[in-house]
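Here is a quick briefing to read alongside the model.

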Amino acid sequence: ANGAKMAAMACALLLVWAAAALAGASGTQRPGPPDAGTTVVCALRGRSLPDLDNAAIGDADDSFVLVSAGAQSCSSGTVTNSANPRWNFCCELQGLNALDVVRVQVFEVDVFREDQLIGAGETPATGGERWVTLRGEGRRAGVPAGQ
């Protein structure tokens, strides 16, 4: 039963190439129209993220997303107290092609110590909407951590 629950966790990413714009992605925060050679990457939402907060019963993590490709990165704002956060965050990455990889990391914000990595995943830098399965790193390597 625990394995089935773990497998259901993910982070939704909507990848859109250049001038195709985001006509159908309502409710997202993004810069103006993309320039040629620009990939718009949107981290829409997560589901069934594990609780690393341990602050109180019924309290879920405060999380944010870091999206990166090569040396470029951007991060969302923090969504508080949710195992199923809706970030609705978009950013622009320059010069990607279909062979590049976009990495997504979801962090739990911690006031008293360094932010904790909930999980990370990678996906090809090609257009379309998909769920990216997150995996724990370090001591939790290989353990499904969310979607």
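A salt bridge here is a side-chain nitrogen of Lys or Arg within 4 Å of a carboxyl oxygen of Asp or Glu. With that rule, a search of the whole structure turns up one salt bridge. Keep in mind that this is a predicted model, where local features need pLDDT of at least 70, side-chain atom pairs count only at pLDDT 80 or more, and totals for chains, interfaces and linings use all residues. Residues are numbered from 1 along each chain as its sequence is written, and side-chain values use heavy atoms, with hydrogens and water left out.

**The salt bridge**

- R103 and E122 are the partners, with their side chains meeting at 3.6 Å, N to O.
- The pair links distant parts of the chain, since R103 sits in strand β6 and E122 in strand β7 (residues 116–124), 19 residues apart.
- Strands, by the way, are DSSP runs of E with at least two residues, helices are runs of H or I with at least four, and both are numbered from the N terminus.
- R103 is partly exposed at a relative accessible area of 22%, while E122 is exposed at 51%.
- For those words, buried means under 20% relative accessible area, exposed over 50%, and partly exposed in between (1.4 Å probe, protein chains only).

**Disulfides**

- The structure holds two disulfides, each being a pair of cysteine sulfur atoms within 2.5 Å.
- C42 and C90 make one of them, with sulfur atoms 1.9 Å apart, and the link is right-handed, with 105 degrees about the S-S bond.
- Because C42 lies in strand β2 and C90 in strand β5, this pair ties together parts that are 48 residues apart in sequence.
- C42 and C90 are both buried.
- C74 and C91 form a disulfide too, with their sulfur atoms 1.9 Å apart.
- That pair also links distant parts of the chain: C74 is in strand β4 (residues 72–75) and C91 in strand β5, 17 residues apart.
- C74 and C91 are buried as well.
- Counting bonded cysteines along the chain, the pattern is 1-3, 2-4.

**The core**

- The largest nonpolar core has 21 residues, and V65, V67, W87, L93 and V106 have the most contacts inside it.
- Such a core is a set of buried Ala, Val, Leu, Ile, Met, Phe, Trp, Tyr and Cys residues joined through side-chain atoms within 4.5 Å.
- Two or more residues come from each of β2 (38–47), β3 (63–69), β5 (86–94) and β6 (101–108), and β5 gives the most, with four.
- Leaving out residues up to four places away in sequence, V67 touches V41, Q72, S73, C74, L93, V102 and R103, where a contact means heavy atoms within 4.5 Å.

**Overall layout**

- Of its 147 residues, 44% count as buried.
- Among contacts between residues at least 6 apart in sequence, 58% join residues at least 24 apart.

**Confidence**

- Mean pLDDT (the predictor's confidence in each residue, from 0 to 100) is 74, and 64% of residues reach 70 or more.
- pLDDT stays under 50 over residues 1–8 and over residues 18–27.
- Where pLDDT is low, the predicted coordinates should not be read in detail.
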